[in-house]
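Dear colleague,

I am handing over the structure below, and after it you will find my notes on what turned up when I went through it. Please read them with the structure open beside you.

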Amino acid sequence: MNNVDTERYNADKAGLARAGQILRGGGLVAFPTETVYGLGANALDDAAVARIYAAKGRPQFNPLIVHVPDFDTAERYVVFNDVARRLAGAFWPGALTLVLPVRTGANVSKLVTAGLDTLAVRVPDHPVGQAVLAAAGVPIAAPSANPSGRVSPTTAAHVIAGLDGRIDAVLDGGACGVGVESTIVACDGSPRLLRAGGIPVEALAACLGAPLEVGADPDTPQSPGQLASHYAPIGSVRLNVTTPEPDEVLLGFGPVDAALNLSLGGDLIEAAAHLFECLHQLDAMGALKIAVSPIPETGLGVAINDRLRRAAADRP
Ligand code: TXA
Ligand code: MG
């Protein structure tokens, strides 16, 4: 399906108006959030949501995150308990996705929930993301705007590299500040961490007054059809490397001699913001063997290591 003329817009008044028009008309618009670029479609429109799967080449219907402008709008679609309310109050707008029971009568497309009775919702903290939601006037289902199994995009150029000709438009809002996807917490019952991400688990534990239980990771393969490797650059990936082989390209962290460095100063926040950009650059360099410096398993390091382990997993 490489037959659409993908329009590119700056996130100005005219670009936002056009994005709103395309989304209301059932089309696909990639737009920036503070985490990564999302591939948006009207979450109430089955055909529009189906186009997301087609454009990404997703082999199956994973449930999608619905983006809404604020807490009150989220409440139209899901039911909050006290813990969910507290987390939303502390971290919205921001890089936290809450999985909650779908509200009876919420007319969200079944393709968004993939048939589950829970729905993932998030209030993005990005002026362009918020402006797109306002312009569209509908909740926006948006996975990361990359072809299935490839690296998430943190710039409009990454989106074009992966999805040109497959989506209606991309809104350029510059590079994403956080650089890894949102943290996902299921709150249907006692809270469980489903995916490490932009909000560190330590911050969630501090808000809840207790460590967060870890639930089944939604991206961990549970059936043979599911993909084992996500977030994969073209080259093979070897982790925790202090001395790379001569034929390996080193993706460094901290003060090491490396072709690319996530953060020379060893700053995990900076490393998260650079992660996907570096993986895209490794593809652009034609790196076939990638070695990665050790990265501490604290704060945003948990999310970074999670993404890198998927990149290093055996390919299907
Ligand atoms: O930062 C982000 O979260 C980005 C931006 C665009 O918002 N979006 C994103 O979407 O990462 P995606 O589709 O790449 O990841 C969505 C994740 C998947 O792991 C999916 O399984 C999980 O959310 N998910 C969605 N709905 C769920 C549900 N009802 N129960 C459990 N997991 C769910
Ligand atoms: Mg994704």
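I begin with the cysteines: the sulfur of cysteine 207 has its closest cysteine sulfur in cysteine 187, at 9.8 Å, which is too far for a bond. Please keep in mind throughout that this is a predicted model. Cysteine 207 is itself buried, because its relative accessible area is 19% and the cut-off for buried is under 20%. In the structure as a whole, the number of disulfides is zero.

Turning to the strands, there is an open sheet of eleven, with mixed pairing, and their order across it is β1-β8-β2-β3-β7-β4-β6-β5-β9-β10-β11. The edges are taken by β1 (7-10) and β11 (213-214), each of which has a single partner strand, so one side of each is left without a neighbour in the sheet. Within the sheet, β4 (residues 65-67) pairs with β7 (residues 140-141) in the antiparallel sense over two bridges, and valine 66 stands opposite alanine 141 of β7.

Helix α4, residues 82-91, lies across β5 (96-101) and β9 (183-186), and it runs at about 155° to β5. Helix α6, residues 127-136, lies across β2 (29-32), β4, β7 and β8 (169-172), running at about 140° to β2.

The last topic is the aromatic residues, where the count comes to two aromatic pairs. In one of them, phenylalanine 71 and phenylalanine 80 are tilted, with 4.4 Å centre to centre and 45° between the planes. Phenylalanine 71 counts as partly exposed at 22% relative accessibility, whereas phenylalanine 80, at 8%, counts as buried. Phenylalanine 80 also pairs with tryptophan 92, and this pair is edge-to-face, with 6.0 Å centre to centre and 90° between the planes. Because phenylalanine 80 lies in the loop between α3 (71-75) and α4, and tryptophan 92 in the loop between α4 and β5, the pair ties together parts that are twelve residues apart in sequence. Tryptophan 92, like phenylalanine 80, is buried, and Phe71, Phe80 and Trp92 form one aromatic cluster.

Technical notes: Residues are numbered from 1 along each chain as its sequence is written. Chains are lettered from A and ligands numbered from 1 in the order in which they are written. This is a predicted model: local features need pLDDT of at least 70, side-chain atom pairs count only at pLDDT 80 or more; totals for chains, interfaces and linings use all residues. Side-chain values use heavy atoms; hydrogens and water are left out. Two strands pair if DSSP finds at least two bridges between them. Helices (H or I, at least four residues) and strands (E, at least two) are DSSP runs, numbered from the N terminus. Contact means heavy atoms within 4.5 Å. Axes are lines fitted to C-alpha atoms, for helices over the stretch in contact, and angles run from 0 to 180 degrees between N-to-C directions. Rings of Phe, Tyr and Trp (its six-membered ring) pair if their centres lie within 6.5 Å; planes under 30 degrees apart count as stacked, over 60 as edge-to-face and the rest as tilted. Buried means under 20% relative accessible area, exposed over 50%, partly exposed in between (1.4 Å probe, protein chains only). A disulfide is a pair of cysteine sulfur atoms within 2.5 Å.
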